[in-house]
Amino acid sequence: MVAFYRWRGKPRQRPASATMAGKKRKTSQVLQEKHGINGNGATQKAGHRTGKHNKVDAGQDSSVDSWYIVLALAIAVTISYVHGSHIAYMFESDKHFSHMSTLEREMSFRTEMGLYYSYFKTMTEAPTFLAGLSMLVYDNVTEFPLTINTLKRFNLYPELTLGAAYRVFDGVMGALGIPTQQCWQVNRGADLAPVPSCEGMGDLAYFYTNCVFFLNGLLMGLFFLYGAYLSGSLVGGGVATAAFFYNHGEATRVQWTPPLRESFAYPFLVLQMALVTWTLRSHRAGVHHLLAIAAATTCFVLPWQFAQFALMTQTLSVFAVYALRFASACKVKVVLRGQLLGFSIAFVLLFGNEMLLTSFFLPVLLTVMAIVAMEPVLERALARPLVWLVQAAVLLTGTLGIKTLAGRLLAITDDAHIGNIFRSKFSDYKDFHTMLYTCAREFDFLELETGIVLCKTLLIPTVAVVLLAIAVHLVKDVHSHCKGTEAVADGDDEDEDAGVVRSRVSAAVLYNVVQLCAFALMAVMVMRLKLFLTPQLCLVASLIASRDLLAAVAGPRARHYAVVAALVAVMSFAGVENLRAQWAIRGEFANYPLEEMLEWIKTRTPPPAVFAGAMPTMAAVKLSTGRAIVNHPHYEDAGLRARTRLVYSLYSRRPVADVSRALRSLRVDFAVLEDSWCTRRTKPGCSMPEIWDLEDAEHRGKPPVCSLLRTNPEPHFKTAFKNRVYTVLHVLHV
């Protein structure tokens with residue numbers, strides 16, 4: 001924060017005794033005086049006073065900056081409160097959460113959300129915190145009969161932290177005698193029995209979701225400060241915030257799915273990117289930058305198994321800025337070492353999760369660190385085009401080499417399905433596990449509709465203007481280089497930016513633009529990843545208020561900001577309509593068939609019973625009944641994928657005896673069969689029997705097992721429970 005307001009003031013001046021040596025220094029000085037560019041690409045303020053008047057100016061600047069800090073923080077706090085209230089309101093409107101029973105609230109956390117929430121419930125219901133921690137580390141309920149470390153496998157530090165926080169909160173409130181929830185009976189209609197419902201922070205689900213909304217409220221305050229820092233103006237922060245709100249449905253889904261890992265991880269990614277931006281813009285990068293980046297990286301990696309992909313793109317983006325000579329090796333080393341330290345801490349806290357070692361992030365990071373260390377040799381021995389060629393070759397071969405070597409040494413295949421998913425997008429390759437992903441809408445290519453929505457709110461056109469301005473400045477820099485008047489810093493004993501190109505496009509700005517390109521590529525490949533793209537578009541849009549980039553075109557500051565205000569006003573036409581569409585969503589969660597089955601399981605089956613079935617349903621069974629399950633929705637483990645394939649043979653065309661034998665090998669007592677999974681087809685080739693036909697050609701044309709079991713399950717199964725959606729089959733030991 002302090003760095004932002006220092007950056008707003010007068011740039012640091014060299015000592016009067018500093019001498020000029022060589023043509024590069026003279027060229028740099030002339031261009032800086034001509035264009036008013038300081039060492040970080042920021043425009044200097046005209047009219048610097050000298051002598052004793054500097055002391056007066058310093059005092060005035062300090063006073064102004066203090067008020068500026070107070071104003072910025074006040075705006076950030078207000079935005080945080082508004083956004084937290086906004087997402088909480090939409091969540092309540094969508095589900096009528098306040099009037100749901102405990103069981104209904106648990107059922108509303110579908111698929112992996114229910115799995116994650118179950119561990120928060122475990123932490124809060126355990127006799128002690130240490131007992132709850134032991135139940136997470138030594139869990140034999142989630143993948144029965146195996147005992148697994150769920151804290152290592154499922155990135156459960158959010159649930160561990162919130163579980164500890166709830167225990168403290170409940171204990172303190174209880175000791176003070178302060179009530180934390182209010183309960184009543186909710187009448188659900190003539191056909192359904194009334195249910196008890198509680199509201200308040202003392203309720204587990206309320207505590208959990210409100211903490212998520214509080215964290216993501218803070219995200220928007222940080223987002224405003226990030227946009228303001230990047231653009232050098234509070235107006236830019238306002239543009240970024242307004243763009244985020246106006247495109248809220250394309251930027252986040254926390255209001256619909258609070259327990260997902262991204263709800264906890266993404267705020268820390270924004271913080272980490274802001275710290276990288278701060279480091280690249282600082283006059284000198286030091287240990288405090290490194291430690292800050294490391295802390296944010298740790299907090300980002302711990303909650304989310306996909307953090308590695310975002311960090312990989314960040315490393316490549318920083319490397320691109322370095323390769324183009326916009327950032328010094330010293331600053332890049334600080335960023336890379338911060339990433340490595342944070343990654344190492346997360347690796348230890350995740351009990352040595354092997355997927356982190358075999359991810360693409362670590363090979364890219366180590367290779368880039370090696371390339372930066374090679375700078376003195378490459379710069380002396382080769383011309384710039386050859387340097388780029390060597391760097392690209394080392395990056396490619398080093399990354400693939402380390403990745404392949406790590407995979408073979410550790411014999412880890414947990415992330416093999418990720419490569420197959422991308423392979424299937426550009427070829428006719430298909431297999432069972434790949435189809436389970438690609439048949440889901442969120443793993444498809446980015447829809448054209450998303451681009452249309454972002455154009456209607458003028459987000460993409462605004463970013464296009466910013467990118468055009470950046471391109472113009474870069475072309476001018478290239479032209480200057482070709483004429484032999486390139487502005488390059490030679491540095492002195494206190495300046496680490498020796499050999500760095502001077503431009504109105506600073507390293508911080510260029511990093512954010514390259515990061516935008518990387519996120520755009522990710523989102524185009526996998527629609528779910530637009531949660532990275534849209535917010536980054538909003539951040540880059542804040543540069544529309546940058547005086548460094550657009551002062552020459554926009555004219556005086558007042559006129560520039562008036563144009564920006566008009567732009568936001570035009571954005572509001574489509575943006576407010578988007579908000580109204582979200583506010584108009586009214587729903588009331590109900591899933592009586594699932595509720596009926598879960599109640600039957602709790603009351604009519606023995607506690608040691610073991611269940612198998614569709615992954616989303618198994619998460620609900622574990623959460624609400626406490627029964628052991630053999631498969632679940634966290635699909636990033638090779639062993640779990642093999643188990644799920646055996647369970648899903650219920651929807652294949654194999655002989656019933658083979659299916660029964662597969663379930664008995666997993667020691668399953670009850671199998672949950674869902675009628676819709678027999679016939680549901682999101683798109684051609686995506687029904688479960690069709691997916692099985694890919695690998696089970698010998699049984700094509702036969703009726704699916706699920707159809708046979710609905711009418712005549714014996715002698716291998718026996719119907720134990722049935723309603724219009726679910727059939728629970730008792731697996732018989734024939």
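Biologist: Why is Glu-250 called buried?

Modeller: Buried means under 20% relative accessible area, exposed over 50%, and partly exposed in between (1.4 Å probe, protein chains only). Glu-250 has a relative accessible area of 15%, so the term buried applies. This is a predicted model, in which local features need pLDDT of at least 70, side-chain atom pairs count only at pLDDT 80 or more, and totals for chains, interfaces and linings use all residues. Residues are numbered from 1 along each chain as its sequence is written, and side-chain values use heavy atoms, with hydrogens and water left out.

Biologist: What makes Glu-250 and Lys-530 a salt bridge?

Modeller: The term requires a side-chain nitrogen of Lys or Arg within 4 Å of a carboxyl oxygen of Asp or Glu. For Glu-250 and Lys-530 the closest N and O atoms are 2.7 Å apart, so the pair qualifies. Glu-250 lies in helix 11 (residues 248–251) and Lys-530 in helix 25 (residues 530–541), 280 residues apart; helices are DSSP runs of H or I, at least four residues, numbered from the N terminus.

Biologist: How do you know that Lys-530 is buried?

Modeller: Its relative accessible area is 17%, therefore Lys-530 falls under the limit for buried.

Biologist: Why is Lys-602 called partly exposed?

Modeller: Lys-602 has 35% relative accessibility, so its value lies in the range in between. Its salt-bridge partner Glu-599, with closest N and O atoms 3.9 Å apart, is also partly exposed, at 33%.

Biologist: How many salt bridges does the rule give?

Modeller: The count comes to 18.

Conventions
Helices (H or I, at least four residues) and strands (E, at least two) are DSSP runs, numbered from the N terminus.
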